[in-house]
Amino acid sequence: MRENKKRFGLGFAGLAMMTAAVVGLVAEATPAEAGMARGTRVTARWTGAIQTSSMAAVNSAYWSQYANKQRLPIDWLGGSIAGCVPGLASLFSNNATLSSLNYVRSLAGLAPVTFSPTLNYQAQRAALMMDANDRLDHHPTSGWRCYSSTGAAAASKSNLALAWPSLKSGQVIDLYMDDRGSSNTAVGHRRWVLNPFATVMGSGSTDSANALMVIGPSSAYRPNPRYVSWPTPGYFPNTMEPGSRWSLSAGLSRTDFRRARVAVWQNGVRLSVHRYRPHSGYAQPTLVWQMPATISKTAAFKVVVSNIHRKGSRKAFRYAYTVRLFTPYQ
């Protein structure tokens, strides 16, 4: 019997830590797998995206597509750890996870993805292994309880999460987007969820584990904004503020954030932020910084990222935007 507690850790780079839940970072993939080579052109936001300039639009979609999915239990049908039976997450449960995922993407100006029954089948076997072994690993070996080659292959292409005593349908997306912990400063889970080129993903869940297959079918012709931030510009629900870990991703794969500088003002007062060393090798080039833990949850934040470079060019670029945190209302 599991102890009634929650735990958090990582399967990436052999690091682990304890905090509020368990989230594993996908292992680095080649550009062909990750779609990085496709970032050679940028477009406007997806035409169907939520208009973040409107608080009412963001709030309405928040309640219909995201908030009401956060506490829905995983509906694990026919599965059993004792018998190593994968079962499946119900259509209702998977649809709730997908709705949360696509709300996040829409805020960022990205087109929605779908879940494939084939990828769901594979992800389900990865989730079973993580749950059966009470641990996360993107490269489980044949000695693992409930091992399957299908599940192992899926684990290498998935975001992975554990939460005890139970995991919720929409909660998995919230965990991946927050990317908390000292081992998640590259926000790898977030980067995969916000991969502009993704078209199809897969999700498998048990009562306590999730595998979200994020490396799968993609298209170079999907909407690819020049920059994607988290939190996103405009109005942003403060319940989704990612524990002060903010990020900016670039649509162009040749973008270089190594010399970039970040400046943030809260209602006109400049804040002290900690900039993390940029990492590359998966999803889109991304810069991450830590905001003060005491930031207001109902304030406007002007963000200016300067000294952005692009490979092959000496010109420095600058990107500025404003995030307006607000409390969702009904």
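Colleague: Before we get to the sheet, when do two strands count as paired?

Modeller: Two strands pair if DSSP finds at least two bridges between them. Keep in mind that this is a predicted model.

Colleague: How many bridges link strand 14 and strand 15?

Modeller: Two bridges, in the antiparallel sense, with strand 15 covering residues 286-290. Arg275 stands opposite Trp289 of strand 15.

Colleague: Switching to helices. How do helix 2 and helix 3 cross?

Modeller: Their axes come within 9 Å and cross at roughly 160°. Angles over 145 degrees count as roughly antiparallel, so that is what helix 2 is to helix 3. The crossing is left-handed.

Colleague: Which residues make the contact?

Modeller: From helix 2 (residues 55-66), Val58, Ala61, Tyr62, Gln65 and Tyr66. From helix 3 (residues 91-107), Ser99, Ser100, Tyr103, Val104 and Leu107.

Colleague: How do those divide into nonpolar, polar and charged?

Modeller: Seven are nonpolar, three are polar and none is charged.

Colleague: Last one: is helix 6 buried or exposed?

Modeller: Eight of its eight residues (171-178) are buried, so helix 6 is largely enclosed by the rest of the structure. Among them are Asp174 and Asp178, along with Ile173, Leu175 and Met177.

How values were computed. Residues are numbered from 1 along each chain as its sequence is written. This is a predicted model: local features need pLDDT of at least 70, side-chain atom pairs count only at pLDDT 80 or more; totals for chains, interfaces and linings use all residues. Side-chain values use heavy atoms; hydrogens and water are left out. Axes are lines fitted to C-alpha atoms, for helices over the stretch in contact, and angles run from 0 to 180 degrees between N-to-C directions. Helices (H or I, at least four residues) and strands (E, at least two) are DSSP runs, numbered from the N terminus. Angles under 35 degrees count as roughly parallel, over 145 as roughly antiparallel, 65 to 115 as roughly perpendicular and the rest as oblique. A crossing is left-handed if the near helix is turned anticlockwise from the far one by less than a right angle, and right-handed if clockwise. Contact means heavy atoms within 4.5 Å. Ala, Val, Leu, Ile, Met, Phe, Trp, Tyr, Cys and Pro count as nonpolar, Asp, Glu, Lys and Arg as charged, and the others, Gly among them, as polar. Buried means under 20% relative accessible area, exposed over 50%, partly exposed in between (1.4 Å probe, protein chains only).
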